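Me: Hi! Could you walk me through the charged pairs in this one? I'd like to start with the terms you use.

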Amino acid sequence: MVKQHQHDSSQLATERTRLAPPPFYKVLLLNDDFTPMDFVILVLMKFFTKDREQATRIMLKVHNEGRGVCGIYAKDVAATKVEQVSAFARAHQHPLACVMEEN
């Protein structure tokens with residue numbers, strides 16, 4: 001954004017206003033004892049466009065460490081992905097939890 005200020009000498013000076021970039025959010029899957037590993041891989045491929053190898057790596061991280069990052073997005077996109085994954089898991093009767101946190 002450019003602001004223009006008029007000075008006493010009637011010359012216009014331009015000054016750039018510095019805006020902080022909007023925050024990004026990590027979308028994470030959380031481990032549970034009931035959701036099948038194959039379903040987690042499907043979710044990662046369907047909603048986060050991961051190939052099978054990437055999805056398997058993330059699924060194993062969720063399984064072994066309790067959580068795994070699916071991607072980093074602008075706030076609205078992250079919130080939409082969380083809702084899509086949560087609805088899909090519920091529709092398939094899995095307790096898979098998907099959350100977002102500021103990056």
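Reply: Happy to! Buried means under 20% relative accessible area, exposed means over 50%, and partly exposed is in between, with a 1.4 Å probe and protein chains only. This is a predicted model, where local features need pLDDT of at least 70, side-chain atom pairs count only at pLDDT 80 or more, and totals for chains, interfaces and linings use all residues. Residues are numbered from 1 along each chain as its sequence is written, and side-chain values use heavy atoms, with hydrogens and water left out.

Me: Great. Is E101 buried, exposed or partly exposed?
Reply: E101 is partly exposed, at 28% relative accessible area.

Me: And which side chain does E101 meet in a salt bridge?
Reply: That would be R67, at 2.9 Å from N to O. A salt bridge here is a side-chain nitrogen of Lys or Arg within 4 Å of a carboxyl oxygen of Asp or Glu. E101 lies in strand β5 (residues 97-102) and R67 in strand β4 (residues 67-74), so the pair ties together parts that are 34 residues apart in sequence. Helices (H or I, at least four residues) and strands (E, at least two) are DSSP runs, numbered from the N terminus. R67 is partly exposed too, with 37% relative accessibility.

Me: Which residues are linked with R67 in a network?
Reply: K26 and E101 join R67 in a network of salt bridges.

Me: How many salt bridges are there by that rule?
Reply: The count comes to 5.

Me: What about helix α2, what do K61 and E65 do there?
Reply: They form a salt bridge, with the closest N and O atoms 2.8 Å apart. Both sit in helix α2, 4 residues apart, about one turn of the helix. K61 is partly exposed at 39%, while E65 is exposed at 56%.

Me: And how far apart are R57 and E53 in the helix?
Reply: About one helical turn, because they are 4 residues apart in helix α2 (residues 52-65). E53 is exposed, with a relative accessible area of 56%.

Me: Switching topic: where does T35 lie?
Reply: In the loop between β3 (24-30) and α1 (37-48). T35 is buried, at 12% relative accessible area.

Me: What does the T35 side chain reach?
Reply: The backbone nitrogen of L96, at 3.3 Å. Leaving aside neighbours within four places in sequence, T35 is in contact (heavy atoms within 4.5 Å) with V40, H94, P95 and L96.

Notes: Polar contact = N/O pair within 3.5 Å; in protein donor to acceptor, adjacent residues only side chain to side chain.
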